[in-house]
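The following exercises are to be worked through with the sequence and the model at hand. Each task is followed by a solution in steps.

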Amino acid sequence: MTGYVPARQQLRTRPAERASRPGAPRPNRLKVAALGGGQGLSASLSALRRLTTELTAVVTVADDGGSSGRLRAELGVLPPGDLRKALAALCGDDEWGRTWSEVIQQRFAGTGELGGHAVGNLLIVALWEKLGDPVEALNWVGRLLNVQGRVLPMSAVPLDIEAQVRGHDPLRPAEVSAVRGQAAVAITPGTVQSIRLLPDGPPAVPEAVQAVLEADWVVLGPGSWFTSVLPHLLVPDLAKALTGTRARRLLTLNLAPQPGETEGFTPQRHLEVIADHAPDLAVDAILVDERAVSGGAFGVADLAGLEQAAERMGAVLVLDSVARADGTPRHDAELLAAAYDRIFRTHGRIGPWR
């Protein structure tokens, strides 16, 4: 199915009706794999945990800035920051969950060796060193925090991002040069043309691949497009799972271009970048905030062009209200959860022919 579907015209199936369909999973048993990193993935997880307990976060491991970068450089470990943020997003709304979410996000003050480090980063790294298994260590942290779901790294080796950037040197606006490192790419001047991962063809965590293959839905984005969303498509085994899974695939667009990384990008350009890096990836639905493309952060978008870009990916374009009311380019967890729920109910599970 392709085309533009306003959220208000989507099928509103009641829970009892949906549960009665043959083969339809019960709402709290819907298996979802959410891919991304940073604040974007945290927003998606905060919404998705309201809909299901069968939730797996697959997190990028290319961060080289801040506390994560320091720990990575000193100890040679995976950058723990995005993993910590995902765990915090999956903490419960009870006193235990709220307390632990705040504790692991707490940063030490001062200018000494601990200054700037997040408590959760040190906890994760300590368990990695003790257990020698990044996946099992994250499972232990998840049990301690009583998270609603599971958090996995997309690869068991630390990765670097190298971007080809046009106009990185303002004095040579037509020149394309290489910019290496997630922190540098995120704030680069110029226009990012493409990215690659180093080392080339990194191994995927088997549990992450399994989560994608066993999911009813895979949710990609929102998040920093080149440094949080696209890297998953460049890990060969994970990319193969994404194209081969029987799950339906949902792409969530950002609420605004990101200064530096995607500055000046239209919504269509975001989709074109995905297609350029993963031409074999088909998507079932693309969620876009209706205000962002009707005079918001993207200006007045070319909806016909956006719909055509979605159709080229095999997707239906869904416009809905998912942004916070305060005008900041951040997703509202309740609104995003409602939008996800409508999409899941409308489009259901993929058929056996996929």
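**Exercise 1. Determine which elements cover the buried residues of α12**.

Step 1. The cover of the buried residues of α12 includes β7 (191-198), α10 (225-229), β9, β10 (285-289) and α13 (303-312). Contact here means heavy atoms within 4.5 Å. Helices (H or I, at least four residues) and strands (E, at least two) are DSSP runs, numbered from the N terminus.

Step 2. The model is a predicted one, in which local features need pLDDT of at least 70 and side-chain atom pairs count only at pLDDT 80 or more, while totals for chains, interfaces and linings use all residues. Residues are numbered from 1 along each chain as its sequence is written, and side-chain values use heavy atoms, with hydrogens and water left out.

Step 3. Helix α12 spans residues 267-277, and its buried residues are Pro-267, Gln-268, His-270, Leu-271, Val-273, Ile-274 and His-277. Buried means under 20% relative accessible area, exposed over 50%, and partly exposed in between (1.4 Å probe, protein chains only).

Step 4. An α-helix has 3.6 residues a turn, so residues three or four places apart point the same way.

**Exercise 2. Describe the lining of the largest cavity by residue and by class**.

Step 1. The lining consists of Val-218, Leu-220, Leu-242, Arg-249, Leu-250, Leu-251, Leu-281, Ala-282 and Val-283. Lining residues have an atom within 4 Å of a point of the cavity, a set of points on a 1 Å grid over the protein atoms alone where a 1.4 Å probe fits but cannot get out.

Step 2. Two elements, β8 (217-220) and β9 (248-252), each give two or more residues to this lining. Strand β9 supplies the largest share, three residues.

Step 3. By class, eight lining residues are nonpolar, none is polar and one is charged. Ala, Val, Leu, Ile, Met, Phe, Trp, Tyr, Cys and Pro count as nonpolar, Asp, Glu, Lys and Arg as charged, and the others, Gly among them, as polar.

**Exercise 3. Is His-117 buried or exposed, and with which side chain does its own side chain make a polar contact?**

Step 1. His-117 is located in the loop between α5 and α6 (119-131).

Step 2. His-117 has a relative accessible area of 6% and is therefore buried.

Step 3. The side chain of His-117 makes a polar contact with that of Arg-70, at 3.2 Å. Such a contact is a pair of N or O atoms within 3.5 Å; within protein, one must be able to donate a hydrogen and the other to accept it, and residues adjacent in sequence count only if both atoms are side-chain atoms.

Terms used. On a 1 Å grid over the protein atoms alone, a cavity is a set of points where a 1.4 Å probe fits but cannot get out, and a pocket is an open set with protein on both sides within 12 Å along at least five of seven lines; lining residues have an atom within 4 Å of a point.
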